[in-house]
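Reader: Please give me a close look at one residue of this model and at what surrounds it. Then take in the aromatic pairs.

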Amino acid sequence: MKKLIVLLSLLIGFACEDDKEDDAAVNLDGTYKLSSKSWDCDGDEDIIFLTISGQNFVDWDYEGDECEDDEDCYAKESFTVSGGEDGVYQFDITDGPDSGTTGTYTLKLNGKELKSTMSIGNESHTVYWDMISDEIKTYSPVCDD
């Protein structure tokens with residue numbers, strides 16, 4: 001379930017700033033790292049990078065970190081979101097118990113911190129990301145499936 005929540009929380013895109021009078025869209029393209037306040041591994045470091053390019057997202061979950069303590073590679077997942085009005089985006093769930101439903105993300109950018117709240121049905125989960133670069137980075141080696 002943790003993987004599903006983390007992966008779904010990665011489906012974030014463009015957000016609108018509430019404190020701007022013109023509600024101009026904020027370009028979130030770049031690379032983010034999961035904030036330590038969103039680690040859910042009994043305090044162990046959970047290294048996950050998120051790259052955003054338009055409405056296309058790639059999750060780079062390092063399997064050799066303290067959290068997974070597995071192979072020295074990155075589990076790579078790609079996603080696309082839609083919408084974006086008022087910072088709310090939609091995504092389709094294609095596997096797991098909620099397969100066939102649509103979830104939503106509400107996004108807020110505060111300086112270099114991105115807050116994403118994922119909602120599926122009556123449940124919601126908030127994850128924080130720290131922007132590390134305006135560039136779209138890639139990571140290797142990618143784990144074999």
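**A loop serine and the aromatic pairs**

Author: Leaving aside residues up to four places away in sequence, Ser 35 touches Tyr 128, Trp 129 and Asp 130 (contact: heavy atoms within 4.5 Å). The model is predicted, so local features need pLDDT of at least 70 and side-chain atom pairs pLDDT 80 or more, while totals for chains, interfaces and linings use all residues. Numbering runs from 1 along each chain as its sequence is written, and side-chain values use heavy atoms, without hydrogens and water.

Ser 35 lies in the loop between strand 3 (30–34) and strand 4 (48–53); strands are DSSP runs of E, at least two residues, numbered from the N terminus. With a relative accessible area of 5%, Ser 35 is buried (under 20%, 1.4 Å probe, protein chains only). Tyr 128, one of the residues it touches, has the charged end of Lys 37 over its ring, 4.3 Å from the centre (NZ of Lys or CZ of Arg within 6 Å of the ring centre and within 35 degrees of the ring normal).

The whole structure holds four aromatic pairs (ring centres within 6.5 Å, with the six-membered ring used for Trp; planes under 30 degrees apart are stacked, over 60 edge-to-face, the rest tilted). One of them joins Trp 60 and Tyr 139, edge-to-face with centres 5.8 Å apart and planes at 65 degrees. Trp 60 belongs to strand 5 (residues 56–62) and Tyr 139 to the segment after strand 11 (123–133), so this pair ties together parts 79 residues apart in sequence. Trp 60 is buried at 4% relative accessibility, and Tyr 139 is buried at 14%. Phe 49, Trp 60, Tyr 62, Tyr 74 and Tyr 139 form one aromatic cluster.

Methods
Helices (H or I, at least four residues) and strands (E, at least two) are DSSP runs, numbered from the N terminus. Buried means under 20% relative accessible area, exposed over 50%, partly exposed in between (1.4 Å probe, protein chains only).
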